[in-house]
Amino acid sequence: MTERSSTSHNHQWYADGLRFTCTQCGNCCTGPAGYVWITDDDIAQMAKHFKLGQRTFVDRYARKLRGRWSLVEHKTEHGYDCIFLDRKSEPGKALCSIYGARPAQCRTWPFWPENLTTPQAWEDVKRQTPCPGMDSGQRVPVTQIRIMRDTTPE
Ligand code: SF4
C-alpha cells in the first residue's frame, strides 16, 4: 500500500457527493511494499475481534516503524498483500477477513483528505490504485464524506 500524507483540501467540488461502491477487487489492499498504519483504537478493536490481548495482536500482525504500528504484509503474485486480505474464500474476489473490525485507514478509503483536495487528485488516485469502486455505484453524500475525511488517521 502507499504511504499516506496530509494536505490541505478544498471540499467544494464534491458538495453533491461522490459515487463509491467497493467491488472487493483488493487493489487497495496490495501493491508495492508500504504501510497500513493502525491507531491504538484500531489495535484495540482488532485484538478484541481475535479475542487476543493487544500485545499479542501486535506481536502477531503488526510491525513498528518510526514509532508507529503498521499491519504486516506478505508477498504474493499480486504484490504485497495486507495480512488480512483473503483471496481464497470467494474465487475472483479479494476480501477483507476482518471487515467489521478493519482499521480507520481502510474504513475511510477513498475519502482521505489528500484524495479530496481537487478533482484531479481524485482522478489521479482512482487511476493509480486503481480503484474501480470510485465514481461507481452508490452516491455517498457530502455529510458522510466529510465525516470520513475528518476521521482519517494522520
Ligand atoms: S480498490 Fe476500490 S474497489 Fe477495489 S477493494 Fe479497494 S476500495 Fe474496493
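Colleague: Where does D135 sit?
Modeller: D135 is placed in strand β9. Keep in mind that this is a predicted model.

Colleague: Why is D135 called partly exposed?
Modeller: Its relative accessibility is 27%. Buried means under 20%, and exposed means over 50%. The value for D135 falls in between, so D135 counts as partly exposed.

Colleague: Where does Q24 lie, and how exposed is it?
Modeller: Q24 belongs to the loop between β1 and β2. With a relative accessible area of 34%, Q24 is partly exposed.

Colleague: Which residue follows α1, and what is its phi?
Modeller: K51 comes after α1, with a positive phi near 55 degrees.

Colleague: How do you know that the buried residues of α1 share a side?
Modeller: First, who they are: D42, I43, M46 and A47 are buried. These residues cover an arc of only 125 degrees around the axis, which puts them on the same side of α1. On the other side, D40, D41 and K48 are exposed.

Colleague: What covers the buried residues of α1?
Modeller: The cover includes β2, α2, β4 and α3.

Colleague: What makes the largest nonpolar core a core?
Modeller: The largest one here has 16 residues. I38, M46, F57, L71 and F84 have the most contacts inside it. Two or more residues each come from α1 (40–49), α2 (54–61) and β4 (68–71). There is also a second, separate core of 15 residues, with W109, W112, L116 and I145 among them.

Colleague: What does F84 touch?
Modeller: Leaving aside residues up to four places away in sequence, F84 touches M46, F50, F57, Y61, L71, L95, C96, S97 and I98.

Colleague: Which residues of helix α5 are buried?
Modeller: Along residues 142–151, the buried ones are V142, I145, M148 and R149.

Colleague: Why do you say that they line one face?
Modeller: Seen down the axis of α5, the buried residues fall within an arc of 120 degrees, so they line one face of the helix. T143 and I147 are exposed on the other side of α5. The buried residues are covered by elements including β1 (18–20), α3 (104–107) and β9 (134–140).

Colleague: What is the strand order in the open sheet?
Modeller: The order is β2-β4-β3, with antiparallel pairing across its 3 strands.

Colleague: Why are β2 and β3 called edge strands?
Modeller: β2 (37–38) and β3 (62–65) each have a single partner strand, so one side of each is left without a neighbour in the sheet.

Colleague: What packs on the sheet?
Modeller: Helix α2 does, touching β2, β3 and β4. The direction of α2 makes about 60 degrees with that of β4.

Colleague: How do you know that β2 and β4 pair?
Modeller: Pairing needs at least two bridges. β2 and β4 are joined by 2 bridges, so they meet that cut-off. W37 stands opposite S70 in β4.

Colleague: What makes β3 and β4 a pair?
Modeller: Against the cut-off of at least two, these antiparallel strands have 4 bridges, so they pair as well. A62 has L71 in β4 as its bridge partner. Their hairpin has 2 residues between the strands, and R66 takes a positive phi near 50 degrees there.

Colleague: How many disulfides does the structure hold?
Modeller: The count is 0. A disulfide would need two cysteine sulfur atoms within 2.5 Å.

Colleague: Why is C28 called partly exposed?
Modeller: C28 has 25% relative accessibility. Buried would need a value under 20%, and exposed a value over 50%, so C28 is partly exposed. C25 is partly exposed too, at 29%.

Definitions and conventions. Residues are numbered from 1 along each chain as its sequence is written. This is a predicted model: local features need pLDDT of at least 70, side-chain atom pairs count only at pLDDT 80 or more; totals for chains, interfaces and linings use all residues. Side-chain values use heavy atoms; hydrogens and water are left out. A nonpolar core is a set of buried Ala, Val, Leu, Ile, Met, Phe, Trp, Tyr and Cys residues joined through side-chain atoms within 4.5 Å. Buried means under 20% relative accessible area, exposed over 50%, partly exposed in between (1.4 Å probe, protein chains only). Contact means heavy atoms within 4.5 Å. The arc is that of the directions from the helix axis to the C-beta atoms. Axes are lines fitted to C-alpha atoms, for helices over the stretch in contact, and angles run from 0 to 180 degrees between N-to-C directions.
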